[in-house]
Amino acid sequence: MLINKAYKFRLYPTKEQEIFIAKTIGCSRFVFNRFLGQWNDTYQETGKGLTYNACSAELTQLKKEFVWLKEVDSIALQSSLKNLADSFTRFFKKQNKAPRFKSKKNPVQSYTTKVTNSNMAIVDNKIKLPKLGYVRLAKSREVEGRILSATVRRNPSGKFFVSIVVKTDVQPLKKTESSIGIDLGIKDFAVFSDGHKMDNHTFTAKMEKKLRREQRKLSRRALNAKNKG
């Protein structure tokens with residue numbers, strides 16, 4: 001069974017790559033806001049929106065007026081336009097509110113690019129992205145599947161991350177026709193009704209030292225209380 005699966009990794013771009021990422025985010029935001037304004041005007045005048053194809057054709061002409069749009073990943077600009085069109089489609093179906101203008105003051109800035117002609121790949125501890133080249137990443141696990149798209153994000157602290165969507169084949173688990181109860185906890189991540197426990201390694205790793213310190217403190221207090229009657 002083919003499914004879409006997402007991976008998220010920390011990115012470590014060079015200074016030049018950081019500048020390029022900032023430019024791509026800014027250009028993607030410009031395209032989104034530019035066509036959102038046109039879409040809103042058309043909707044107010046006619047009660048209907050524009051189409052993605054019409055906007056895509058106009059984007060080609062827009063690059064002649066604003067030549068700096070040619071400096072960044074063209075697929076990212078098209079993705080920004082597609083996201084706008086999809087937002088309006090959901091709006092007309094009453095599935096969400098109308099899209100709003102994007103601000104450069106938003107705490108998280110991002111852009112999305114898609115695979116075209118093998119322009120994306122993961123080699124060792126680096127990821128190849130369109131026009132950005134190879135960027136070092138903290139690959140905590142292997143990426144399994146065919147890469148479809150990647151979203152590059154910059155959070156408020158200035159750290160960079162990439163979310164990769166892949167198409168992968170998974171085998172569904174066989175039905176056992178049995179049931180089990182699960183109790184979620186803190187020290188133990190989960191306790192099953194058959195007695196099996198799943199340790200919360202994250203909790204124990206962070207709290208082990210503090211737990212030993214508090215236990216020693218409790219033992220001293222208990223001893224003092226006993227001595228004092």
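This is a predicted model: local features need pLDDT of at least 70, side-chain atom pairs count only at pLDDT 80 or more; totals for chains, interfaces and linings use all residues.
Q: How do strands of a sheet pair?
A: Strands pair through backbone hydrogen bonds, either parallel or antiparallel. Strands are DSSP runs (E, at least two residues), numbered from the N terminus. Two strands pair if DSSP finds at least two bridges between them. Here β1 (residues 2-12) and β7 (residues 160-169) are antiparallel over 10 bridges. Tyr7 stands opposite Ile164 in β7. β1 also pairs with β5 (residues 133-138), antiparallel, over three bridges. There, Leu11 stands opposite Leu137.

Q: What is the strand order in the open sheet of three strands?
A: The order is β8-β9-β10, with antiparallel pairing. β8 (182-184) and β10 (197-199) are the edge strands, each pairing on one side only. Three bridges join β9 (residues 188-192) to β10. Val191 stands opposite Lys197 in β10.

Q: Which residues lie closest to the centre of the largest pocket?
A: A pocket is an open set of points on a 1 Å grid over the protein atoms alone, where a 1.4 Å probe fits, with protein on both sides within 12 Å along at least five of seven lines; lining residues have an atom within 4 Å of a point. Here 15 residues line the largest pocket, and Lys102, Val108, Gln109, Ser110 and Tyr111 are closest to its centre.

Note on methods. Residues are numbered from 1 along each chain as its sequence is written. Side-chain values use heavy atoms; hydrogens and water are left out. Helices (H or I, at least four residues) and strands (E, at least two) are DSSP runs, numbered from the N terminus.
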